[in-house]
Amino acid sequence: MKAEVVNTDLVVLGSGLAGLRAAIEFDKLSRGKYEVAVISKVQVMRSHSVAPEGGAAAVMREGDSFEQHAYDTVKGSDFLADQDAVQQFVMDAPGEIIQLEHWGMPWARDQEGNLLARSFGAHEVPRTYFAYDRTGFFLMKTLYDRALKGDNIRFYHEFFATAILANEGRFNGLLTMERATGNFVYFKAKALIVATGGVGRIYKYVTYSHTVTGDGLAMAYRAGIPLKDMEFIQWLPTTMIPYGIPATEALRGHGALLLNSDGERFMKKYAPRKMELAARDIVTRAIFTEISEGKGVEGPRGVKAVLLDTRPVGEERLKSIYKTFRENSIQFLGKDPLEEPIPVLPAAHYSMGGIHVMGTELSTTLKGVFAAGEVANVSLHGANRLGSNSLPACLVTGKWAGKSAFNYVMALDGELMDKPVEDIDKYVESSFNVVKKERGAVTPYEIRNKLQDVMEEKVGVFRNERDLMEAIKTIRDLKEASRDMYVRDRAFEYNLEWVHAHEVLNLLDLAEVIATSALYRKESRGAHFRQDFPSRDDGNFLKHSLASYTRDGPLVSYVPVTVTKWKPTERVY
């Protein structure tokens, strides 16, 4: 079967905050001259970006400064962030808050009409702006409404991308499967912005939507673009077990306490100044340490946990700006947080690593390909992201990528882009072979479940050489087993199992990258904690890891961290 060819100018892969913001910026600059095709794996408003509750950090009030926000971010990153990128990010973030306000974003306000800000972990100043407990949803709705008014933006809902194709070192097009029909469509374009989010579903206990399977990361990797700092995965300290529903960090900013089975406020041992508002990696390790020392409580389904006491937050707030949290607690745990603490446990929440991009232009090593949002490693977050820095990062990097792609496409005007790509039929045939295969040894779900188990057990919060080597062996065995994978659903229309088979192949490649990068980083920094190397080692590892694709597995090399102002110091909260 041949793929239908659709010609366009810019493809934006991913319709979350970064993708929509990039499409809007490109469309605004081109004034209708160039078409933007936004490719979404789901219906646009079902993007994972609707989920965040907490808010967006920006310097917008007296007593705060760009320097303070930048330093908090660099310190939170355990000094692995590129400081020039961080400084530009904090300067551009307030403009995005105001821009969204002008497009209709309903930020929360006080009685005088001022925007409300609240505290988040490891920020020294309250600077997180929010829209009650629906910040992500309202940001998405505001951007989608604005994009629909664009001059030349076209949406393609429920198209699953399978390959980034290039010709002579330059992007040529994106191959996709239309989920409704099973037909393949090749979007031939001048440029691509990848904005597909993180890789969260590589773990079992997560806060991510089921659709977050690292597709953009895996395609970029196989297209020859290196992935940077993939060993750094963030766990959100407080989620409702056994579902992984976030109990937002903002609750701790408003006074919620973490308690062990003795009723002790245990964070005083790990972060005596910031307590529950220390950086996420520190709070996460503290929770698991308490549990391993026998100070956990029995949670639902026998899962060990600690307690989050939100009663200090107050009834008025719990019934208004934390209404969804309270409803979820009552509905899923049978506990009213106005009356008693709830059991919580960390869950995989964010990928600090991503596609290696250049500076704030966000270009990649493949000409014509850019990346924005969580899928891109700028690097703003280094080894540990601060809460509420992700939403402004999506907006700011989306704007940067849209502008860069516009400049790139403008410069191409007049150049011929019609050289054929010979690999299209090969990729289509390879995908059809999966669904046509009548018999095999293993289903996508059997592989995915085993992969999630090994990532959770061997490549989790605490790591060591033995576990990582065992994990890599298991991942490679699963990759070998995937050669005999088959799908039981024979239909072409809306065949989820077929899509899931592709997702599993993506997750396998990324798991190998994460585990291998973690094995080679023989130190503890931010969210990457090695039990056999428990200290940070600036002498040998103040550098970014780059994982490049080879047929035999990832090849890991390193590039320097950009330090402009703040030399690494001991990170104490």
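Strand E1 and strand E10 (residues 184-188) pair in the parallel sense over four bridges. Within this pairing, Asn7 has Lys188 of E10 as its bridge partner. The model under discussion is predicted. The two strands belong to an open sheet of four strands with mixed pairing, in the order E1-E10-E9-E8. Its edge strands, each pairing on one side only, are strand E1 (4-7) and strand E8 (159-167). On average, neighbouring strands of this sheet are turned by 25° against each other, direction ignored.

At the level of domains, the assignment gives domain 1 (4-76 + 84-232 + 350-412), domain 2 (238-346) and domain 3 (433-560). The C-alpha centres of domain 1 and domain 3 lie 24 Å apart. Contacts between these domains involve 35 residues of domain 1 and 42 residues of domain 3. Together they bury about 3400 Å², of which 62% is on carbon and sulfur atoms. Of the area that domain 1 buries against domain 3, Ile202, Tyr221 and Glu231 supply 23%, more than any other three residues. Five salt bridges are found across the interface of domain 1 and domain 3. Elsewhere in the description of side chains, Asp509 and Arg222 meet in a salt bridge at 2.7 Å, N to O.

Beyond its neighbours within four places in sequence, Ala518 is in contact with Glu231, Arg463, Leu468, His528 and Arg530. Of these, Arg463 is 55 residues apart from Ala518 in sequence and 8.2 Å apart in space, C-alpha to C-alpha.

Definitions and conventions
Residues numbered from 1 in each chain as written. Predicted model: local features only at pLDDT ≥ 70, side-chain atom pairs only at ≥ 80, totals over all residues. Heavy atoms only, no water. Contact = heavy atoms within 4.5 Å. Pairing = 2+ DSSP bridges. Axes fitted to C-alpha atoms, helices over the stretch in contact; angles between N-to-C directions. Domains from an automatic or database assignment. Buried area = accessible area lost by both parts, 1.4 Å probe. Salt bridge = Lys/Arg side-chain N within 4 Å of Asp/Glu carboxyl O.
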